[in-house]
Amino acid sequence: MKTKLSISIVLAILGTTAYTTAQAYDGDWKRGRVYYRQVCTSCHVAKTEKAIAPTSRTKAEWTAYLQADKHAKGKDSVKQYISQQYRASIKATNKAAEKFADVPDQELMEDIRAFVIKGAKDGDSPASCS
């Protein structure tokens, strides 16, 4: 009886650990850099003639900006420009959007977050938008 109970507990712990591990995703800053530079930066340059480098904000400012999910001074959302729907709408003219067409939205958001945090003013590797 004790053996069955012990095995059940171990299996429950392993199941919970496996579920938690499967749910966790650490953003890929390299993939985030490609998307940010080829989609975000190219759009900003085309519309405002100004690139927004990751070094334009601190890690805390980027975190707050992404959590607030307000783009263009609140006119729309950041998630809109990372969505599969948006990528599908520009993939004919943007190779990065085409390349990442099937990446889940949340995964791509984490990739971009990893890139801007790494490249922030106070990040591990401050980055420009070249």
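## Basis and confidence

Because the model is predicted, local features are taken only where pLDDT is at least 70 and side-chain atom pairs only at pLDDT 80 or more, whereas totals for chains, interfaces and linings use all residues. Residues are numbered from 1 along each chain as its sequence is written, and side-chain values rest on heavy atoms, with hydrogens and water left out.

The term pLDDT stands for the predictor's confidence in each residue, on a scale from 0 to 100. Its mean over the protein chain is 86, and 79% of the residues reach 70 or more. Where pLDDT is low, the predicted coordinates should not be read in detail.

## Overall make-up

The protein chain contains six helices and zero strands, so that, read from the N terminus, its elements run α-α-α-α-α-α. Helices (H or I, at least four residues) and strands (E, at least two) are DSSP runs, numbered from the N terminus. Of the 130 residues in the protein chain, 29% are buried, where buried means under 20% relative accessible area, exposed means over 50%, and partly exposed lies in between, with a 1.4 Å probe and protein chains only. Among the contacts between residues at least 6 apart in sequence, 63% join residues at least 24 apart.

## Two helix pairs

Two packed helices are described by the angle between their axes and the distance between the axes. The axes are lines fitted to C-alpha atoms, for helices over the stretch in contact, and the angles run from 0 to 180 degrees between N-to-C directions. Angles under 35 degrees count as roughly parallel, over 145 as roughly antiparallel, 65 to 115 as roughly perpendicular, and the rest as oblique.

The axes of helix α2 (residues 29-48) and α6 come within 7 Å and cross at roughly 90°, which makes α2 roughly perpendicular to α6. On the α2 side the contact includes Trp29, Arg31 and Tyr35, and on the α6 side it includes Leu108, Asp111 and Ile112. The residues of this contact divide into eight nonpolar, one polar and six charged. In this grouping Ala, Val, Leu, Ile, Met, Phe, Trp, Tyr, Cys and Pro count as nonpolar, Asp, Glu, Lys and Arg as charged, and the others, Gly among them, as polar.

Helix α3 (residues 59-68) also packs with α6 (residues 105-119): their axes come within 9 Å and cross at roughly 155°, and the two helices are therefore roughly antiparallel to each other. Lys59, Trp62, Thr63 and Leu66 in α3 meet Met109, Arg113, Val116 and Ile117 in α6. The residues of this contact divide into five nonpolar, one polar and two charged.

## Single residues

| Residue | Relative accessibility | Class |
|---|---|---|
| Tyr35 | 0% | buried |
| Asp111 | 0% | buried |
| Arg31 | 18% | buried |
| Asp69 | 18% | buried |
| Ala72 | 35% | partly exposed |

Tyr35, in helix α2, touches Cys40, Tyr81, Ile82, Tyr86, Arg87, Phe100, Leu108 and Ile112, not counting residues up to four places away in sequence. The C-alpha atoms of Tyr35 and Lys95 are separated by 9.5 Å, although these residues are 60 residues apart along the chain.

Arg31 also has its place in helix α2, and, with residues up to four places away left out, Arg31 touches Tyr25, Phe100, Val103, Glu107 and Asp111. Arg31 and Ala96 are 65 residues apart in sequence and 9.6 Å apart in space, C-alpha to C-alpha. Asp111, found in helix α6, is in contact with Tyr25, Gly27, Asp28, Trp29, Arg31 and Gly32, leaving aside its neighbours within four places in sequence.

Most residues other than glycine have a negative phi. Asp69, however, has a positive phi near 55° and is found in the loop between α3 and α4 (84-90). Ala72, which is not a glycine, has a positive phi of about 55° and lies in the loop between α3 and α4.

Terms used. Contact = heavy atoms within 4.5 Å.
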